[in-house]
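Please keep the structure in view while going through them.

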Amino acid sequence: MALSTGFWGFKTLAAAHEMDLFTRLAGGASTTCLELAEALGILPRPAEMLLTGCAALGLLEKRGGRYRNAPISESYLVRGKPDYFGGWIEMADKRLYAGWGKLAEAIRTNRPTTWDPAVQSSIFDAEDPTMLALFWEAMHALSTMTARRLGEAVDLGRFRHLLDIGGGSGAYDIELCRRYPHLRATVFDLPHVTAIAAGKIALAGLGGRIGTVPGDFFGTAPFPGGHDVHLLSMILHDWSEEKDRALLRRSFEALPSGGLAVISELLVNDDKTGPAAAALMSLNMLIETEGRNYTPSEYAGWMEDAGFRDVETVWFDAPGANGAVVGRKP
């Protein structure tokens with residue numbers, strides 16, 4: 001029953017977020033059913049049901065007949081807060097939910113359902129600016145919290161300049177540079193993506209330490225030089241084994257001796273029986289990309305074939321990843 005009705009809880013969260021319920025209740029504000037109905041211009045019946053549902057899910061608390069944000073909502077669901085996670089919720093609601101509705105079709109055809117391969121070459125070539133903005137806000141929210149856990153789990157203390165391959169909005173670079181004051185970073189991604197990253201970096205006040213280089217990581221030009229650590233975070237699951245191996249070979253060629261490559265992902269276990277978050281994210285790759293979520297052994301084998309040595313897996317717990325596969329260039 002819990003599995004079959006799982007979408008009920010998600011759609012309750014998504015509807016409340018769409019109506020800005022949690023932002024309305026920011027900073028200790030509270031509401032009653034009648035007050036919310038008046039504020040939203042809806043009838044008291046659905047207002048009461050929404051508040052009851054959110055309280056049942058632990059998103060709201062009720063004291064003295066009034067509903068307030070629970071701590072988790074105050075931290076993650078209020079617009080403008082540092083850890084705001086609403087971008088991911090909105091993308092899951094507006095994009096992924098419809099794609100998952102066609103999961104059986106994706107399984108039968110081995111084709112994505114959130115975009116048309118006849119029109120686009122990949123998910124990243126979307127022409128809809130609204131959907132594109134949703135995607136990158138979602139990735140920024142997911143990456144920010146994941147980067148903090150990665151920075152704790154993998155010691156980058158001896159490295160000086162990080163190249164974030166497919167670095168997206170720059171969330172990893174921002175968080176890792178905050179953790180390691182000596183570290184400088186470069187976001188390497190498509191031109192329209194590095195423009196987004198530049199804005200996020202400026203907002204974080206780290207323009208002096210984090211730069212951007214536009215380019216195609218599947219292009220023929222070498223990766224930008226002068227970096228002693230490469231990060232491939234939540235990137236390789238988007239692509240086929242052949243393309244991932246090519247990226248790792250290019251990383252190996254560009255790194256200096258002693259350089260480090262870090263693959264941060266939701267790793268499927270080597271038995272391919274879980275964990276659930278990684279296995280279900282892999283199915284999300286079926287409706288979104290040509291890739292899947294790979295295992296530590298698969299990544300380790302590809303890294304060793306590319307020339308990396310001392311390959312190891314470091315485990316941690318974060319929204320976007322559960323571990324990192326790390327290899328050194330001799």
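1. A definition is needed before the sheet can be described: two strands pair if DSSP finds at least two bridges between them. The model discussed here is a predicted one. In it, seven strands form an open sheet, and their order is β6-β5-β4-β7-β8-β10-β9. The pairing within this sheet is mixed.

2. Which strands stand at the edges of the sheet? They are β6, residues 210-214, and β9, residues 309-315. Each of these has a single partner strand, so one side of each is left without a neighbour in the sheet. From one strand to the next, the twist averages 20°.

3. Strand β4 (residues 161-165) and strand β7 (residues 229-233) run in the parallel sense and pair over three bridges. Here L162 stands opposite V229, a residue of β7.

4. Helix α10, made of residues 191-203, lies across β5 (184-189) and β6. Its direction makes an angle of about 170° with that of β6.

5. The charged side chains come next. In general, side chains of opposite charge can pair when their charged atoms come close. For a salt bridge, a side-chain nitrogen of Lys or Arg must be within 4 Å of a carboxyl oxygen of Asp or Glu. By this rule the count comes to 19 salt bridges.

6. The salt bridge between D310 and R328 has an N to O distance of 2.5 Å. Since D310 belongs to strand β9 and R328 to strand β10 (residues 323-328), the pair ties together parts that are 18 residues apart in sequence. D310 counts as exposed, because its relative accessibility is 51%, and the cut-off for that class is over 50%. R328, at 28% relative accessibility, counts as partly exposed.

7. E152 is partly exposed, with a relative accessible area of 47%. R149 is also partly exposed, at 30% relative accessibility.

8. E61 and R63 form a further salt bridge, in which the closest N and O atoms are 2.7 Å apart. The relative accessible area of E61 is 27%, so this residue is partly exposed. R63 counts as partly exposed at 48% relative accessibility.

9. Salt bridges may also be joined into a network. K11, E18, D93 and K94 are linked in this way.

10. Is E298 buried or exposed? E298 counts as buried, because its relative accessibility is 17% and the cut-off for buried residues is under 20%. E298 is found in helix α13, which covers residues 296-306. Leaving aside residues up to four places away in sequence, E298 touches K272 and R292.

11. A final point concerns an annotation taken from a record. In an unreviewed entry, UniProt places the feature "domain: O-methyltransferase dimerisation" at residues 2-78. Over residues 2-78 the model's chain is 57% helix and 13% strand. The C-alpha atoms at the ends of this stretch are 28 Å apart.

How values were computed: Residues numbered from 1 in each chain as written. Predicted model: local features only at pLDDT ≥ 70, side-chain atom pairs only at ≥ 80, totals over all residues. Heavy atoms only, no water. UniProt positions renumbered as here; feature names shortened; annotations may be inferred. Helix = DSSP H or I, 4+ residues; strand = E, 2+ residues; numbered from the N terminus. Buried < 20%, exposed > 50% of the residue type's maximum accessible area, 1.4 Å probe, protein only. Contact = heavy atoms within 4.5 Å. Axes fitted to C-alpha atoms, helices over the stretch in contact; angles between N-to-C directions.
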